[in-house]
Amino acid sequence: MPGLLHEKRCLPPVAGVDEAGRGPLAGPVVAAAVVLPAKGVPRGIDDSKKLPAGERARLYARLRDCAIVGVGIVEPAEIDTLNIYWATMKAMTLAVDELARALGDVPGHVLVDGNRLPRWGYAATAIVGGDARSRSIAAASIVAKHTRDQIMIAAAESHPQYGWHSNKGYGCPAHLRALREHGPSPLHRRSFAPVAQAVLPF
């Protein structure tokens, strides 16, 4: 399970940052920034990819109650303008900016999952595989993943043909088939090759 070794090496308060939704063909990219409390951290925090949806939902609710959280969302149209890399960097920046407002101050240090940092003024460290090594980053991964999943489940009500309630916008065979049959929706990322190809006949 992710520990607190990295957090203990940093000036508090320490924020963990992670994102969800770099790979899907549809929907936003979502980042979260989380400062865990000194006491009362919920048990079971882990890399969100290792947790079933029900456990993510439970931990999300607990984290919203006990932690300080910021969320940043970049929508598909802006992903197409910026590209997914810079859109992800923007989502992370928005998340930490929101967290700083909730804190009433800048975090002492920010731990970011991955090998790159946004262009910001925060003291920060990038950690490859951070969602499996840092509890704060793992908590952020849960918040980001659950938030994005709920966005896609809600979007599936208006666009049921793509199966987003189950695939969350990723390019599974059923989603690709629906994309070919119905063309892209307003939530599709037109800069992504499978979506761009589906636009051609329409």
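Predicted model: local features only at pLDDT ≥ 70, side-chain atom pairs only at ≥ 80, totals over all residues.
Residues are numbered from 1 along each chain as its sequence is written, and side-chain values use heavy atoms, with hydrogens and water left out.

Met92 also belongs to the largest nonpolar core, which has 25 residues, and there Val17, Met92, Val96, Val110 and Trp120 touch the most other members. By a nonpolar core I mean a set of buried Ala, Val, Leu, Ile, Met, Phe, Trp, Tyr and Cys residues joined through side-chain atoms within 4.5 Å, and buried means under 20% relative accessible area, with exposed being over 50% and partly exposed in between, for a 1.4 Å probe and protein chains only. The elements giving two or more residues to this core are E1, E2, helix H4 (84–103), E4 and helix H8 (193–199), and the largest share, eight residues, comes from H4. These labels are DSSP runs numbered from the N terminus, helices being H or I with at least four residues and strands being E with at least two. Apart from this core lies another, of 19 residues, among them Ala32, Leu59, Val69 and Ala138.

Let me turn to the sheet, which is open, has five strands in the order E3-E2-E1-E4-E5, and shows mixed pairing; two strands pair if DSSP finds at least two bridges between them. Strand E3 (68–74) and strand E5 (124–127) stand at the edges with a single partner strand each, so one side of each is left without a neighbour in the sheet. From one strand to the next the twist averages 20°, with axes taken as lines fitted to C-alpha atoms, for helices over the stretch in contact, and angles running from 0 to 180 degrees between N-to-C directions.

How is strand E2 (residues 29–35) paired with E3? The two run in the antiparallel sense over seven bridges, and within E3 the bridge partner of Val30 is Ile73, while that of Ala31 is Gly72. E2 also pairs with E1 in the antiparallel sense, over five bridges, and Val17 stands opposite Ala33 in E2. In a regular strand the side chains alternate between the two faces of the sheet. Both faces of E2 are covered, with Val29, Ala31, Ala33 and Val35 buried on one side and Val30, Ala32 and Val34 buried on the other. Helix H5 (residues 135–158) lies across strand E1 (14–20), E2, E3, strand E4 (109–113) and E5, and runs at about 35° to E1.

Finally, I have some backbone details to show. Most residues other than glycine have a negative phi, and most peptide bonds are trans. Asn83, in the loop between helix H3 (76–82) and H4, has a positive phi near 90° and is partly exposed, at 36% relative accessibility. Lys168 has a positive phi near 55°, but Lys168 counts as buried at 14% relative accessibility.

Technical notes:
Contact = heavy atoms within 4.5 Å.
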